[in-house]
Amino acid sequence: MVELNEVFETNTMICDENLDVRTITMGISLLDCCDSDLDALCGKIYRKITQSAGDLVRVGDEIGLDFGIPVINKRVSVTPISIVGSSACRTCDDFVKIADTLEEAACSIGVNFIGGFSALVQKGMTAADQMLIRSMPKALSRTERVCGSVSLASTKTGIDMDAVKLMGTVIKETAEETKDRDSVGCSKLVVFCNPSDDNPFMAGAFHGVTETDLVINVGVSGPGVVKTAISKVRGENFEVLCETIKKTAFKVTRVGQLVAKEASKRLNVPFGIVDLSLAPTPAVGDSIADIIQEMGVEYIGAPGTTAALAILNDQVKKGGVMASSYVGGLSGAFIPVSEDRSMAYAAEIGALTLEKLEAMTCVCSVGLDMIPIPGDTGAETISGIIADEMAIGMINQKTTAVRIIPVCGKRAGDRVEFGGLLGSSPIMPVSKYGCKGFIDRGGRIPAPIHSFKN
Amino acid sequence: MNRVVVTLVGKDHIGIIATVCNYFAENDINILDIKQTTVREYINMMMIVDLEKCSRQFSDIVCGLEDVGKKVCCVIRVQHEEIFDMMHRI
């Protein structure tokens, strides 16, 4: 029988510390929709998504009501569209038409994002991959809910530097296409090294080709819960600190496991994974930076930050792994600058820099995330930033990503307001020194020596 | 059995539990356990109830108890028991 204090502890987490289920994401394979006729393909895609996920939003809301926990987002991820559309699409505009179909399907079933307008080009680009990537500026600017991602590198294959160079241009063009909205189109575009096939979080979610036909993946959240827990052990040693994070992560993840199993049962779709990632929001008290600062670092970005983030990431995994039967996705701590109020403040006062963020991505689950940079940053410089981040992922055998926003017409120090969950941030300065000669070389960076394990 | 946890938080005064229990009786909801603490003038109460014989939808019960909460100037939450078992039991 549950005890009074346990019930009130859970409800305090939910009501006061922003514990929620961040997303129930249904992965849908579109491989069976492939057709050489574009109209037929789009018709099949629309029908498959609306028939498979028609009840997703209703069931998500019902589960939220039954357990008294907010289920914030209900989303869909699909098979990378460069594969699905490869035999039907002859031009970039053909891929844009598929993006329109995805948007229409997402609106019809009421999900706020649909991921998978993606290409996996870590070793090279097919003609279809290139067309999809080149269609991204148009596709992402004319849709509200479609998210795109490109895998540019992996530990097994190395880094496709031709694609890295192309993405620098594509990100600039996407920013230009949405310049009337602070270049927000780039917030729906992420590039990866070692991407996860079962990531439920946007903008990088896609349904991997090795996945089953339909699957339910769940992302939990709870930075506020972790922060409150460690505020009770202020001044204690690292053993106590780590144990506290671990126990809290266990509790948070158990809620995700419950919701994932319940969604799977009610939708009659197999349960995939729970993603353990701590995901912040711009809301007060829902910040990763606050956790790092509660550990004793004055502002996130100060010396000690990388070590603190490493502790957080590792303990969240250790606590979470035991709480769920299947853990996957990105599972760690997100550090999106504009989406985390305290992180944006640290950037504003100069405590947090792009270079420090890069160091932090060596120990956390994702990468350079939601970072607005000056609009006049060159495409080669953006490619250079991407290449650095891909190298970190490739060498360290981990997922890394870049979601960077060159905000048209704004300079370092100006402020940008994306609104909603995307938050706001100062424009962060970028090194004024270039890397054109490096990026222009083209070709592929070979896989590292430790990838040859066979 | 369809076990649900009902929690109530608010300023203590006469008749809170009576009002909530009346609602349960009117809706064929059986009370399995009641625990409460009072700190200064505030009451924290938890009830475990069984909805097995209740014919109304769970969402109606949530709304109904919200209204009861407003009547007694307390916040009442209704949740299926599994969330607490999952979080606090291995």
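## Ground rules and confidence

In this predicted model, local features need pLDDT of at least 70 and side-chain atom pairs count only at pLDDT 80 or more, while totals for chains, interfaces and linings use all residues. Residues are numbered from 1 along each chain as its sequence is written, chains are lettered from A and ligands numbered from 1 in the order in which they are written, and side-chain values use heavy atoms, with hydrogens and water left out.

The model scores ipTM 0.91 and pTM 0.94. Among the elements of chain B, the mean is lowest for β2(B), at 92, and highest for β4(B), at 96. Helices (H or I, at least four residues) and strands (E, at least two) are DSSP runs, numbered from the N terminus.

## The chain B sheet

Let's start with chain B, where four strands make an open antiparallel sheet in the order β2-β3-β1-β4; two strands pair if DSSP finds at least two bridges between them. Strands β2 (30–39) and β4 (74–80) of chain B stand at the edges with a single partner strand each, so one side of each has no neighbour in the sheet. On average, neighbouring strands here are turned by 15° against each other, direction ignored.

β2(B) and β3(B) (residues 42–50) run antiparallel and are joined by nine bridges, and B:Q36 stands opposite B:M45 in β3(B). Helix α1(B) (residues 16–26) lies across β1 (3–11), β2, β3 and β4 of chain B, at about 20° to β3(B). Axes are lines fitted to C-alpha atoms, for helices over the stretch in contact (heavy atoms within 4.5 Å), and angles run from 0 to 180 degrees between N-to-C directions.

## Two nonpolar cores

A nonpolar core is a set of buried Ala, Val, Leu, Ile, Met, Phe, Trp, Tyr and Cys residues joined through side-chain atoms within 4.5 Å. The largest one has 146 residues, and A:M167 and A:L312 have the most contacts inside it. Helix α9(A) (residues 238–267) gives the largest share, eleven residues. Domain 1 (21–193) and domain 2 (219–437) of chain A both contribute, so this core lies between them; the domain bounds come from an automatic or database domain assignment.

Beyond its neighbours within four places in sequence, A:L312 is in contact with residues including A:V226, A:I245, A:M295 and A:A333. A second, separate core of 23 residues includes B:C54, B:I61, B:V62 and B:I76.

## Covered strands in chain A

Buried means under 20% relative accessible area, exposed over 50%, and partly exposed in between (1.4 Å probe, protein chains only). In strand β10(A) (residues 368–374), seven of seven residues are buried; in β11(A), eight of eight are. Both faces of β11(A) are covered, with A:T400, A:V402, A:I404 and A:P406 on one side and A:A401, A:R403, A:I405 and A:V407 on the other.

β10(A) and β11(A) (residues 400–407) pair in the parallel sense over six bridges, and A:I371 has A:I404 as its bridge partner. A:D369 stands opposite A:R403. Strand β6(A) (residues 189–193) runs antiparallel to β11(A), with three bridges, and there A:V191 stands opposite A:V402.

## A closer look at A:I24

A:I24 belongs to strand β1(A) (residues 20–28) and is buried, with a relative accessible area of 1%. Not counting residues up to four places away in sequence, A:I24 touches A:L56, A:V71, A:I216 and A:V259, among others. The C-alpha atoms of A:I24 and A:V220 are 8.9 Å apart, although 196 residues separate them along the chain.

Conventions: pLDDT is the predictor's confidence in each residue, from 0 to 100.
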